[in-house]
Each structure stands twice: as C-alpha cells, then as structure tokens.
Amino acid sequence: MSSPTALSSRRQYFMRQDSALKSDPGQDTAALSLDNPAPAPSLAAHVANRLTFGTRPGDIAAVEAQGVDAWIAEQLNPGATDTPELAAMLAALPHGTFAESTTVLYDRRSMNWAEAMRPADEVRHATLARMLHSKWQLFEVMTAFWHDHFNVYAYDTPIACLFPEWDRLIRQHALGNFRDFVTATAKHPVMLDYLDNYLSTNAGPNENYARELFELHSLGAISYNAPGGYVDNDVYESSRCFTGWSYDNSSASPNRGKFKYVRDNHDRFQKIVLGTSIPNDQADLADGLKVIDLICNHQGTARHIALKLCQRFVSETPAESIVASSANVFYQNRNNAQQIRLTLAHIFASSEFRSEATRMCLLKRPYDWIISTMRALAIPYIYREGEDAFQMTYMMADVGYYMFGWHSPDGPPKDFYNWATATSMLSRYNFIFRIDAGWWVNKGLTFPAYALMPGTLRTPREIAQWWINRVIQRPVSTATFEGIMVFVAEGRNFDIALPVEQIEDKAPRIAALCTVAPEYMWR
C-alpha cells in the first residue's frame, strides 16, 4: 500500500504530466484537445444529483428506468421502511440515548463531558448513516437543510443532551407546514437555551431569539428595513411577546427539560408587531403565537424560504421567475399541512430547475462531497470506541465543516465562495487520497477498487472511461478525460495494454481522482 510520500510523488507526477500534455499534445497518437467543456448531464443525472447526497453506481439508470417524474414523486412521499443496509448500520452504531426520556436526557448535563455529549454524537452518527444508505435521499437532504436553517450549536449542555429530540422535531416537520415547524422550534428547550429566550422576562426581555426569528427563520435579512418588511422595533416588541417562554430546569421537577410557560415572567402589556396591535392581558402563549402567525402569513417569509430552497436546488443566483412562483406556492399553501412538500414539487417541475443552464452550477459543500464520495466508492463509515477508537467524523471535520458544530445562528455558509478556497479543496484531496493511500486500512477504512474493475480492461483509455462512468456518471470535459488517461498511462500509449501490476496499483488512485474532478465537485 502506498505511503504518504508516494502519494505526494504521484501528485507531482500527475502535475508534470498534465503540464507536458498541455505543452506537447503530440505525445499520444493524436493531438489532445483541452478546451472542450463537459456537456450538460442528462435530466436524470441532474435530478439524481440535486435531490440526493450523491449517486451510487446504477442510481441514474434507475431514475431513467422509473421516469424522472415518478422518481421525484416517490422521493417527495417517503415510506416508513428503508434499506436493509441502513437498518444494519443504525443497529451497529451507538444509539442508546434515542430511547431515553426527556428527563433522563436532560440529567446527562450533570455527567462527565463524554456522556453529556453522547446524545449529540449519536445523532451525528445516525445522520451520516442515513445520508449514506437511506433510500429516501430527498428527505435526508431536507433534514440537513432545516438543521442548517434552524441552526443550533449542538455541543453545549443541555443542547447536546436533548439533541435526539431536536433531530426528531426537524424530521417530523421537514416536509410539512412551516408555521407548525416554527412553532415547534420556538417552544423547544434546545432553541430556547441556544438563543437565551429561557432567560427572557418582563424585567429584561432578551432579543436574541426574536432577532433570529425575523432575520434567519422567517422574513430574512432581505426584508429588514425594506418596504413591507420589518424594522428593529418589530424585533423589540416581539421579544416582549416571547417573555416567559422557557423550559423547566429544576433538577427536582418531573418535567425538567421540557417546555414551560412562566406567566409571571411574561410582559402582559400591549405590543405592536408588523403594524398589528397585540392587546394586553392575553391568554398564555397568545402573544408569541400571534407573532408566529404574523410572520408565517407574511409574503416576505414566503419569498425568503422560496429563495433558500431555490438556491439549494436550482442555482445560487436563481432566476426571479422561479423564486417568485415558488414563493407564491409557499404563500398560497401557508395553511396546508403539505406546504413544504408542495413547494418542492413546484420547484422540481419547473423549467428553471430542469434547464440545462442550471445543471452542474452548484459546488458541493464539504459534507455533500464527502458523503457523495463515500456513496460512489462504497467507502464504509467506520466507528469504534475504546482503546481501538477510530472517530471518522473527526477526520471528516478536516474538510472545514463539523456536523452540528456551527456556532453562529446563521449556520454554515451557503455560497460556493466560502468552500472553493485552495485550503478547502486541499482538505478534500487529503481526505480521499489518504484513504486511497491506506492510512487507515488497519481500521477497515478502504475500498476494493481493483476488485471492482472487470479484468478485461487493460488500456488507459478503457480504464479511465470505466471509472468515469462508475464514479462521475456523466459526460466529462476532454481535459478531465485525457488528464485521467495521462495519469493511468504514465507515458505509455493510451490504447496499448498496461501490465497488470500497474493497473492494480493505479485503480484506487483513478477512483480517487474522479472524485476531485470538476464534473464531480459540481452538481
């Protein structure tokens, strides 16, 4: 198995060969063109990549066989059963905290650090397993989307302790009604603690939650000080509406760790939010629920959520036509239990989503790329405890994004500029090439690249094409195709058979190279 030094040498060799190819295209039997861009992927490939965490061999063909529309409809309506692979992995991973009651979870805050963090860790392991193996990929994509949208930092107590309940809440509402979703998050101890609303009283309203409710969760920064939007005074007044919204943190209470409304801490006087007067002395929770009604029935919220969904599935700069039409669907269905699902269905059926111009225009964020790479190459997710501990999640965090570990309420960046840096790209190369080089083969982290290849493949051209078809599963540019052939050939003719030992040595490297090709980095 190759050492890190050998790996570095291979990179240098590939760079030298690529440079030579550009300066001397006649080194092969025919001139090599490096300026033919990759054609747009098929609609099935486009849909399969956008609505999943990456395609496995055969996935695109399965979408084509079922039909794009039928496959999308199935993904929008996930069933109760999933794959045997997922069931086996979930059973093998630590999951004991998932059956614990709220009070037992909450009491973990007094345990040692590892045990207090265990619930959040177990959610992270299960989430990765679902991303890798779930049949219902769109549901997992949307679960990740809403975790980012309602971002909390998981690795503080009691948030970490209660994180299995928070994840269940996200999953319960991921395709449902947005107002129900917001209401559930507003009342959950995880959000109450993260944004300090559990400390908000009539003696000193805390603005943190109200600020993020407007700026991040609903109307969005695009509506701040905008015509028909919100102003700072709406935030101030809303913070008064949510005073008394707390959770039971008494160690002796049988309801500890659960939502609690403290009437004596509530500001009972009149407020004005978004131009609407909220009377004094209303019933318990009425003021806060009124705020949620106002923002969830606001067209600014419809536009903000529609924009974020279009940026996730269509383009970072989506056309105004798809944003406006999606916002209209979201708004018109604001009282529908299937509001989010219906909005997604509209987006996926739109000409803007299906246009060739929007294919391969979204850079995979770090975890998207990691999961897609593991799915494409059948790289196992390894977890071990004790003396032989191997925490793959820490290795995955080296790409710059630790799952559920983003401190600020706005969550991880959405635009590709934050992830397309040299450091970020290098961290991706390091992730896959270290696995390729066998750094953790003694832990079971490897993939049988050579065994996957048909034994009849012998020439650099055949081998390069086979791996491109298997991993990237879409047409690639001439530069990508010929660059991979150069690496395989090591100076030999592209159409002459290679020695078996050279093919065996090259196979894992070719597979790894495919995952860092531009056509694979972008979806």
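The largest cavity holds about 50 Å³ of space, in what is a predicted model. A cavity here is a set of points, on a 1 Å grid over the protein atoms alone, where a 1.4 Å probe fits but cannot get out; grid points are joined across faces, edges and corners, and a volume is the space filled by probe spheres set on the points. The search of the whole structure finds 2 cavities of 30 Å³ or more. Lining residues, those with an atom within 4 Å of a point, include Val471, Ile472, Glu519 and Tyr520 for the largest cavity. Helix H23 (460–472) and helix H26 (518–521) are the elements that give two or more residues to this lining; helices are DSSP runs (H or I, at least four residues), numbered from the N terminus.

The second largest cavity has about 30 Å³ of space. Among its lining residues are Asn49, Gly54, Lys364 and Ser372, and these also occur in the lining of the largest cavity.

Arg365 lies in the loop between helix H18 (351–354) and helix H19 (366–377). Its relative accessible area is 16%, so Arg365 is buried, where buried means under 20% with a 1.4 Å probe and protein chains only. Beyond its neighbours within four places in sequence, Arg365 is in contact (heavy atoms within 4.5 Å) with residues including Asp148, Trp419 and Arg428.

Helix H12 (residues 208–217) is largely enclosed by the rest of the structure, because 7 of its 10 residues are buried. Tyr209, Phe214 and His217 are among them.

The structure holds 27 aromatic pairs. Rings of Phe, Tyr and Trp (its six-membered ring) pair if their centres lie within 6.5 Å; planes under 30 degrees apart count as stacked, over 60 as edge-to-face and the rest as tilted. Phe150 and Phe178 are stacked, at 6.3 Å centre to centre and 25 degrees between the planes. This pair links distant parts of the chain, with Phe150 in the loop between helix H8 (137–149) and helix H9 (163–173) and Phe178 in helix H10 (residues 178–186). Both Phe150 and Phe178 are buried. Phe313 and Phe348 instead form an edge-to-face pair, 5.1 Å centre to centre with 85 degrees between the planes. They lie 35 residues apart, in helix H15 (residues 299–313) and helix H17 (residues 339–349) respectively.

Residues are numbered from 1 along each chain as its sequence is written, and side-chain values use heavy atoms, with hydrogens and water left out. Local features need pLDDT of at least 70 and side-chain atom pairs count only at pLDDT 80 or more, while totals for chains, interfaces and linings use all residues.

Definitions and conventions. Buried < 20%, exposed > 50% of the residue type's maximum accessible area, 1.4 Å probe, protein only. 1 Å grid on protein atoms, 1.4 Å probe; cavity = no way out; pocket = protein on both sides within 12 Å on 5 of 7 lines; lining within 4 Å.
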